[in-house]
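Please open the model in a viewer and keep the selection tool at hand.

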Amino acid sequence: MFGVTTPAVSQVTDALDDDYDCLVFHATGIGGQSMEKLVDSGKVDGVIDLTTTEVCDMLFGGVFPATEDRFGAVIRRRMPYIGSVGALDMVNFGAPDTVPEKYQTRTFYEHNPQVTLMRTTPEENTAMGRWIGGRLNEMEAPVRFFLPEGGVSALDSPGQPFDDPAARHALFTALEDTVRQTSTRQLIRVPHNINDPEFAALVIDAFRDFHGGRPPRRKEARR
């Protein structure tokens with residue numbers, strides 16, 4: 001979760017919370033690594049990885065980077081994987097004076113005096129799509145990776161500062177060109193913003209499909 005994808009994550013966890021203990025991780029580099037450590041431990045039943053923004057910072061020098069092992073735990077554990085492109089529209093920096101000189105002409109959004117967000121370009125989105133697509137190809141269990149055509153964050157929607165159809169097109173095209181789609185490894189375009197209820201509903205349906213519909217109420221069973 002990131003602030004700009006909080007509505008998406010909240011809708012999903014609200015729908016599943018009666019049946020699962022939903023753990024939410026913040027996409028701050030360390031957050032993604034913590035999630036994957038838990039996956040590696042074998043102590044989780046499923047993964048919904050909506051906010052993959054740490055890849056932006058890893059590739060382009062932001063302050064919340066993933067490591068090169070991002071997605072590795074799911075690959076190793078051969079777990080069914082549900083993911084998306086949440087907040088791939090932004091690279092995170094600190095105060096404005098911390099932004100590298102090479103980026104000075106770019107589009108920025110000042111989240112607060114300590115956090116400056118930089119809009120990713122079509123070229124950067126192509127690079128991210130290829131990198132993520134390569135990792136999806138390594139997953140042997142079923143994959144559903146959702147592409148929200150209406151925007152990948154709250155800032156990437158009509159009338160918002162990071163709305164950029166060309167960047168989204170570059171990202172989705174690179175993923176579709178890279179991922180070897182099969183009956184079990186699928187990219188799914190969705191005509192909604194990532195924070196729309198319709199998007200969350202599709203994610204929830206995919207999760208229940210992977211994990212056998214509605215399980216016994218785990219919380220009640222533990223009493």
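Begin with Asn-112, whose bridge partner in strand E5 is Val-115. The model is a predicted one, in which local features need pLDDT of at least 70, side-chain atom pairs count only at pLDDT 80 or more, and totals for chains, interfaces and linings use all residues. Residues are numbered from 1 along each chain as its sequence is written, and side-chain values use heavy atoms, with hydrogens and water left out. Strands (E, at least two residues) and helices (H or I, at least four) are DSSP runs numbered from the N terminus.

Next, select residues 115-119, strand E5, which runs antiparallel to E4 and is joined to E4 by 4 bridges. Two strands count as paired if DSSP finds at least two bridges between them.

Now select residues 143-148, strand E6. Here 6 of the 6 residues are buried, meaning under 20% relative accessible area with a 1.4 Å probe, protein chains only. Val-143, Phe-145 and Leu-147 point one way, and Arg-144, Phe-146 and Pro-148 the other. Strand E2 (residues 81-84) pairs with E6 in the parallel sense over 4 bridges; Tyr-81 has Val-143 as its bridge partner. Strand E7 (residues 185-190) is also parallel to E6, with 6 bridges, and Val-190 is the bridge partner of Pro-148.

Finally, select helix H1 (residues 6-16), where Ala-8, Val-9, Val-12, Thr-13 and Leu-16 are buried.

Key. Buried < 20%, exposed > 50% of the residue type's maximum accessible area, 1.4 Å probe, protein only.
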